[in-house]
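Student: I have a model to read. Please show me how to go through it, feature by feature.

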Amino acid sequence: MAPADASSPKSNYNATKDELLKYYKDMLLIRRFEEKAGQLYGMGHIGGFCHLYIGQEAVVVGMEALKKEGDQVITGYRDHGHMLACGMDPKGVMAELTGREGGYSKGKGGSMHMFSTEKKFYGGHGIVGAQIPLGTGLAFANRYNGNDSVSLTYFGDGAANQGQVFEAMNMAQLWRLPVVFIIENNQYAMGTSIKRSHAETHLYRRGASFGIPGTEVDGMDVLAVREAGREAMEHARTGKGPYILEMKTYRYRGHSMSDPAKYRTRDEVDDIRTNSDPIKKCENYIMSGKHASEDELKEIDKAIKQVVKEAADFSLESPEPDPKELFTDILA
């Protein structure tokens, strides 16, 4: 399923002016942050791996709109967008990318390993699919503690073939755990088209043998994500067990900064950017509803670029970690 045309926003989604502007700002913050991270990587300020979220912003922003106090988030290594969406400080995130003391993991985790108990963000995980049983464990803790919190467990189309996914799904349904499995299907995993790597390309069906309901969603439309997520969250929160959301989305950049993405054409990427961009779609919702002018949206972009600049400056000015930090936070 190709994402819907960005120029024709649906009229059956209800969203207020304040909601739309918040979604727009949140997605734009992620986009500008990731663009700056790409620049810093190219300049040699960010080492190791760096996986950008450009193009997928609507998924995490749409789901974040539904969270309640106590709900948790866990994801893989394409994680900067998830951190920003749940309210983590851009300065701390960027400083971690550059390996500085002011980062969320004191410069020791880098792009793939950040954490915030305050924001209920339980990682970035570098092992493909490792977060799925952990996210299921968070849901088990919710059930054990008798609260109504939900674990939002994100993973990609590549991780969907990992064995631990099915073990986790089986346990989640067996015990009716409050977890929403969110598959961010960006079509290419690490670099292979889903049509060449998955016998069943409709990933929302992956829980069918366990009796887990699932839905395919236009992951390039923040309101479509929010509406599908509402049903999934309610299902999980009210004791009915897990739910699968397959977000049909698209990443504009390669798998990581070292990936030239030669497995797809430039025309394909340009077509998605032109016709299905999530930020343009939200902008069209705003403009069609006369909620803001073009000049007002430009001012929002200007303000967000300043926030990102300050984060980048902080990340380069923050000191290197003390060598003693090598011996802290270690589990023997």
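Student: What is the relative accessible area of Glu216?
Tutor: Read it against cut-offs. Buried means under 20% relative accessible area, exposed over 50%, partly exposed in between (1.4 Å probe, protein chains only). Glu216 has 26%, so it is partly exposed. This is a predicted model: local features need pLDDT of at least 70, side-chain atom pairs count only at pLDDT 80 or more, and totals for chains, interfaces and linings use all residues. Residues are numbered from 1 along each chain as its sequence is written, and side-chain values use heavy atoms, with hydrogens and water left out.

Student: Which side chain does Glu216 meet in a salt bridge?
Tutor: Side chains of opposite charge can pair when their charged atoms come close. A salt bridge puts a side-chain nitrogen of Lys or Arg within 4 Å of a carboxyl oxygen of Asp or Glu. Glu216 meets Lys248, 3.7 Å from N to O. Lys248 sits in strand β5 (residues 243–248) and Glu216 in strand β4 (residues 214–218), so the pair ties together parts 32 residues apart in sequence. Strands (E, at least two residues) and helices (H or I, at least four) are DSSP runs, numbered from the N terminus. Lys248 has a relative accessible area of 6%, so it is buried. Shared partners also matter: salt bridges join Glu19, Arg226, Glu227 and Arg230 into one network.

Student: How many salt bridges does a search of the whole structure find?
Tutor: The search finds 21. Take one, between Asp277 and Arg31, at 2.9 Å from N to O. Asp277 lies in the loop between α9 (266–276) and α10 (278–288), and Arg31 in helix α1, so this pair ties together parts that are 246 residues apart in sequence. Both Asp277 and Arg31 are buried. Another bridge joins Lys67 and Glu64, with the closest N and O atoms 3.2 Å apart.

Student: Which residues touch the most other members of the largest nonpolar core?
Tutor: A nonpolar core is a set of buried Ala, Val, Leu, Ile, Met, Phe, Trp, Tyr and Cys residues joined through side-chain atoms within 4.5 Å. Here the largest has 68 residues, and Met63, Leu152, Val180 and Leu245 touch the most other members. Helix α1 (residues 17–42) gives the most to this core, with eleven residues. Another core of 17 residues lies apart from it, with Ile132, Phe155, Phe181 and Ile212 among them.

Student: How many residues of helix α2 are buried?
Tutor: Eight of the eight residues in α2 (residues 57–64) are buried. Met63 is one of them. In helix α4 (residues 90–97), seven of eight are buried. The cover over those buried α4 residues includes α1, α3 (80–85) and α11 (294–317).

Student: Where is Thr75 found?
Tutor: Thr75 is in the loop between β1 (72–74) and α3. Its contacts (heavy atoms within 4.5 Å), leaving aside neighbours within four places in sequence, include His82, Phe121, Tyr154 and Glu184. Thr75 and Gly156 are 81 residues apart in sequence and 9.1 Å apart in space, C-alpha to C-alpha.

Student: Which residues form a nonpolar patch on the surface?
Tutor: Patch residues have over 30% relative accessible area and no salt bridge; like charges are joined within 9 Å, nonpolar side chains (Val, Leu, Ile, Met, Phe, Trp, Tyr) within 5 Å. Phe140, Tyr144, Met171, Leu174 and Trp175 form this one, with about 590 Å² of accessible area together. Those areas come from the Shrake-Rupley method with a 1.4 Å probe; for residues, only the protein chains shown count as cover. Leu174, in helix α6, has 59% relative accessibility, so it counts as exposed.
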